[in-house]
Amino acid sequence: MSRRVLLHVGTPKTGTSYLQDVLYKNRSRLLKQDVSYPADRFDAHFLAALDLMRLRWGGLEAEAVGAWDKLSAQVREHDGTSIISHEILASASRSQVARALASLGHRPGGDTSDGGTEVHLILSVRDLVRQIPAEWQENVKHRARFGYGRFLELIQDPERAHRVGAWFWGVQEIPDILDRWGADLPPERVHLVTVPPTGGSPELLWDRFSTAFGLAELDLKLTTQRANPSLGVPESALIRRINRVAARDLPPQHYRPLVRELLAHRTLSKRTKSARLGLPPDQYPWVRELTDSWIAELSRRGYDVVGDLQDLQGAPAPSGKWVDPDHPPERQVASAAVDAIKALLLDNAEAHAENERLRRKLEVARRELVRARTPRLMRSMEWTVHRLESSGKGRQALEVYRKARGRNSRPA
Amino acid sequence: MSRRRAWGWVAALRAGSTTPWLAWPTDGTGEGDALAAELPGAQQLALLRRLNLHAAAAGRTVPTDIADRVLGAGVSGRGRSELALVGVDEPGQSREAGSSGQFGPRPVDPDALADDELLRVASALVADDVAVAAAVPDPEPSLVERVRSVRRPWVRSFVVVGMPWRADAVRADLTARGHRPGGRRPTAYLLAEDLETVLVQAWTSRCFDQGGATWRGFVRANAGAGNLPPRADVARMARSAAYKYGAERVRVVLDDRLMADELGVPRLGAPPRLGAHAVDLVRRVGEPLGLLVASEERPRLLRETLGERLDGRGGPPPTLPPRWDTWLRTQAERTRHDLAAARYPVLGDLDQLLPRPLGSEQSGPVVPVDAEVLSLALGLLLDPVTATARTQGKEDA
């Protein structure tokens, strides 16, 4: 039975990809130090989360059958500390949370006296001023066609009747996430990691994660990088336009590598001089009011905070002009589109070259197959004819043979 | 105590009550003890009340084990998770465990929830039942079945292609009669019908195989793009068959009797007749089922469980909204032209590919309706699809 489980359930856009990359690439080192990060592929915990929450995800869910049971069994088998981390777990319902905790060996109230697992819940959190535009951009990178304005309307619908609003608050409403995940845990086993404000030391967030996960004392390699890069305003607008005209025709297995990876992550995210996505100035008041209520509630609950709850306030509205992604600067969108076309052309050329290489390889293989199926006698005859035709006397001998056979088998 | 009142309502629902939450007594007479650590969500409670109504209409009561299944069920797919009951744990009221009650989605009146919300719970429960059937091995064919299915040497070589939903059923039926498809240089029988029927069957087939798009979404995605989906593109299927078997051996089948005569069987088999609401329920159940069984098993399981149980139910097949009439006619004429130009032999009349004239009895387009889909789901919750039913269905067939 595992003694401790560090269960990191979100939230999205809080440096989770980097953390998970470090954990995945260091899993052998961690295991030598009695810390298990049970994953045989990078997205193992994502698949487990899909399985737990019965979520469709563009066909990936087909690979998730039984993934949570497998993960929880690995955790139970490890006698030491285990780490589970995926940000979409934040949206789990109460019944799914109960199933997850029970499967990890959690006892009611977090009782560990009879061998129950000591579950620590970790939630990394970032201010809504950055989370709201980041979530819209994440939607756009997942085929969404609605504009930023529509997104803001959907998330302000008090009924949360639309799936976009329901999902947004499911993974972003910190007190509610902790109501669902932390209701049966002592507050000292709930750890909030706040993402520092923009402009601080780049190491500060990792230091906070290290503190929360107890990784600071461990021997780890931190040279890896798996960031989830962000896009500027014209680049986000371009991807949205592409979604509007092409997403329906592109099945998920092609959309992911071509639009999300090639265009968004590998091409457009490099354009860092364009205007960054931000919260519209008129949205700051309600965001501020809501955040204040969260900070008051979280302070009252007495959780372990790594960082500062005031980080959730976010930066004040910038004094410069806000750029609306629903009405982006067209010259910049056109420039981004040219970059996108160039990337697609290069990728297409590479695919053509690869096709040609494979075609040649296939042709060689086909010839070898024909040769392997040709009887030995036939091959001997071909070899003999070839040798005879390479010398004058040989050709004369062949001529005599062909006349004797009464027909000419030479090629025309 | 609002929580005790809620638990009293839960206990009454378990016993078969159909009283709405807002009509539940507030004077303390309807209070009860907690039955679990957490109150079930409003979706689960609303579904149980609807199930009680459904059972009562049939003169039955919901067994307690089924009621408990509903109360303990999860909510599948994207959207709101379990919702709180209005009037319980609202700000200013005390709550037993952990949370403040002021965060999360607004509490709701369960009766105000849309049928779609209840279907998210119901389809997950039906998927659980279907998944249980997966663990049961197929029954061994009887001696009679084995003898009947032995390939007769005098049967001509043939394959069945075309509309996948129907072709599967025709192949299975012919195999059971000893006419196993295959053999050397086979004749390829390409099954076709009027294009609207072909489209409906393409959507049906997709719902069983992959799930995903609603009928409206399926039509809009294809008609909007100006294309026929691959499973409904009869001309493309014919070209593919011609490439594989030779154009001279492709026969377009528009009259079942003529194909049956050629093969020497009394008639061709037919797939289950599922109405629009039934197919939509299969689509919804397929989503959570996709996380319970391997994807290659899902179509067969759904066919053998829901396909059998919903045969002949779920209303009429869906129809295309009138706005796509022109598109449908254009595509049908193009298909007819392509098949005629390729000079494939035709069993029947190629004009049958063209859309049927609108019947006078039909007042408007038929599309899946959530209330009807939910009604079918309630029937499946009351009499769950079981492994026994699956094997029984096979034996009856």
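Which residues are buried in helix α4 (residues 67–77) of chain A? Let's start there, after a word on the model. This is a predicted model, where local features need pLDDT of at least 70, side-chain atom pairs count only at pLDDT 80 or more, and totals for chains, interfaces and linings use all residues. Residues are numbered from 1 along each chain as its sequence is written, while chains are lettered from A and ligands numbered from 1 in the order in which they are written.

Back to the question. The buried residues in α4(A) are Ala67(A), Trp68(A), Leu71(A), Ser72(A) and Val75(A). They sit on the same side of α4(A), because they cover an arc of only 125° around the axis; the arc is that of the directions from the helix axis to the C-beta atoms. Buried here means 20 or more other C-beta atoms within 10 Å of a residue's own, exposed means 12 or fewer, and partly exposed is in between, with C-beta atoms placed from the backbone. Their cover includes β1 (4–8), α3, β3 (81–85) and α5 of chain A. Helices (H or I, at least four residues) and strands (E, at least two) are DSSP runs, numbered from the N terminus.

Next, please look at the loop between β1 and α1 (16–25) of chain A, where you will find Thr11(A). The peptide bond from Gly10(A) to Thr11(A) is cis, with omega near 0°. Lys13(A) is found in the loop between β1 and α1 of chain A too. Its phi is near 65°, a positive value in a residue other than glycine. Lys13(A) counts as buried, because it has 22 C-beta neighbours inside 10 Å.

Asp34(A) also has a positive phi, of about 70°, although it is not a glycine. You can find Asp34(A) in the loop between α2 (27–32) and β2 (35–36) of chain A. With 14 other C-beta atoms within 10 Å, Asp34(A) is partly exposed.

Finally, how do the two chains meet? To the contact, chain A gives 30 residues and chain B gives 29 residues. Two residues are in contact if their C-beta atoms, placed from the backbone, lie within 7 Å. On the side of chain A that touches chain B, two or more residues come from each of α3 (44–53), α5 (94–103), α8 (163–172) and α9 (174–182) of chain A. By class, that side of chain A has ten nonpolar, five polar and 15 charged residues. Ala, Val, Leu, Ile, Met, Phe, Trp, Tyr, Cys and Pro count as nonpolar, Asp, Glu, Lys and Arg as charged, and the others, Gly among them, as polar.
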